[in-house]
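This report describes one protein model for a reader who is new to structural analysis. Please keep the sequence and the structure in view while reading.

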Amino acid sequence: MSESLDTDKLEREVKSMYQDVAESADAHFHFETGRELAERLGYDPADLRYVPEAAIDSFAGVGYSFDLAELEPRERVLDLGSGSGMDAFVAGLHVTETGTVTGIDMTEEQVERASVHAADGGFHNVSFRQGYIEDLPFENESFDAVISNGVINLSAEKERVFEEANRVLKPGGRLALSDIISEQQMPESVKSDADLWAACIGGAEQIDSYTSLIESADFSVTEIRENTQYEFVSERAANACEKYGVKSISHRATK
């Protein structure tokens, strides 16, 4: 974490940006949102048929990792930074009515809207809670799988996030996530910029450091891949990507 980053300001910036995503999916952000993005990343249109349209419209993920998660019926799944609920709903389809999915997000507006989408869409096995991914309000070994999409880079305490994910996973449980990383160390001017953190850039770890953080939390990383279909859309974000090798990757790890 940048020593000069104001973490309170970061939280305000992130909450503000994703409140806007929740309330106005067609606004202009540093990143792309919506169905076209989801399908390009690899989401199955057959799954998206059952996901509430409003959740798809507000989707702001950076990759597709459900093939890595290998979710099965009857499993319990936790979605870190669930946002609009898109991934939680897709997970709910994969675990069927016999399983459960819990989404956690720090943005009140996202949790409220996702909960409405769940009720309207008949997703009785999917629920959402407001909270922080660095301090999960769940018992040890509560879940079979933990998923996350474009969120952990937003945390100033990534090591804590992975430790908490490990804690709530059952032995042999899987972590499957997509996130933003960088190939080069970024300068302090970028890492201390709360707007670029909220845009998923300022908090991007170098890829080797990111993998090391996962492994330090007692996970075994079994697969890493680059998501070449993902790209930022604002000029400022695109310039940072080109200069520092900021890009999307997916990880699979087991406890």
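Glu-141 lies in the loop between E3 and strand E4 (143-149). Helices (H or I, at least four residues) and strands (E, at least two) are DSSP runs, numbered from the N terminus. The model is a predicted one, in which local features need pLDDT of at least 70 and side-chain atom pairs count only at pLDDT 80 or more, while totals for chains, interfaces and linings use all residues. Residues are numbered from 1 along each chain as its sequence is written, and side-chain values use heavy atoms, with hydrogens and water left out.

Most residues other than glycine have a negative phi. Arg-74 is placed in the loop between helix H5 (66-69) and E1.

| Residue | Relative accessible area | Class |
|---|---|---|
| Arg-74 | 63% | exposed |
| Glu-141 | 43% | partly exposed |
| Arg-252 | 15% | buried |
| Ala-38 | 0% | buried |

## The chain as a whole

The protein chain contains 12 helices and 8 strands. Of its 255 residues, 58% are buried. Its accessible surface comes to about 10,800 Å², and 42% of this belongs to carbon and sulfur atoms; such areas come from the Shrake-Rupley method with a 1.4 Å probe, and for residues only the protein chains shown count as cover. Contact means heavy atoms within 4.5 Å. Among contacts between residues at least 6 apart in sequence, 77% join residues at least 24 apart.

Two strands pair if DSSP finds at least two bridges between them. Strand E1 (residues 76-80) pairs with E2 in the parallel sense over 5 bridges, and Leu-80 stands opposite Ile-104 in E2. On the way from E1 to E2 the chain passes through H6, and this β-α-β crossover is right-handed. A crossover is given that name if, with the strands pointing away from the viewer, the path from the first strand over the helix to the second runs clockwise.

E2 is also joined to strand E3 (residues 126-130) by 5 bridges, and these two strands run parallel. Here Asp-105 has Gln-130 in E3 as its bridge partner. A right-handed β-α-β unit is made by E2, helix H7 (residues 108-121) and E3.

Is strand E2 largely enclosed or open? Because 5 of the 6 residues of strand E2 (residues 100-105) are buried, E2 is largely enclosed by the rest of the structure. Helix H6 is likewise largely enclosed, because 8 of its 10 residues are buried. Among the buried residues of H6 are Met-86, Phe-89 and Val-95.

## The nonpolar cores

In soluble globular proteins, nonpolar side chains tend to be buried together. A nonpolar core is a set of buried Ala, Val, Leu, Ile, Met, Phe, Trp, Tyr and Cys residues joined through side-chain atoms within 4.5 Å. The largest one has 43 residues, and those touching the most other members are Tyr-43, Phe-66, Leu-71, Val-77, Met-86, Phe-89 and Phe-128. Helix H6 (residues 86-95) gives the most to this core, with 6 residues. Apart from this core lies another, of 25 residues, including Leu-136, Phe-143, Leu-169 and Tyr-210.

Leaving out residues up to four places away in sequence, Leu-71 touches Phe-66, Val-77, Ala-91, His-94, Val-95, Ala-145 and Arg-174.

Ala-38 belongs to helix H2 (residues 35-41). With residues up to four places away in sequence not counted, Ala-38 touches Tyr-43, Leu-48, Phe-59 and Met-86. Ala-38 and Val-62 are 24 residues apart in sequence, and their C-alpha atoms are 8.7 Å apart in space.

Arg-252 is part of strand E8 (residues 247-254). A polar atom of the Arg-252 side chain lies 2.5 Å from the backbone oxygen of Leu-68. Beyond its neighbours within four places in sequence, Arg-252 is in contact with residues including Leu-68, Glu-70, Arg-174 and Glu-223.

Conventions: Buried means under 20% relative accessible area, exposed over 50%, partly exposed in between (1.4 Å probe, protein chains only). A polar contact is a pair of N or O atoms within 3.5 Å; within protein, one must be able to donate a hydrogen and the other to accept it, and residues adjacent in sequence count only if both atoms are side-chain atoms.
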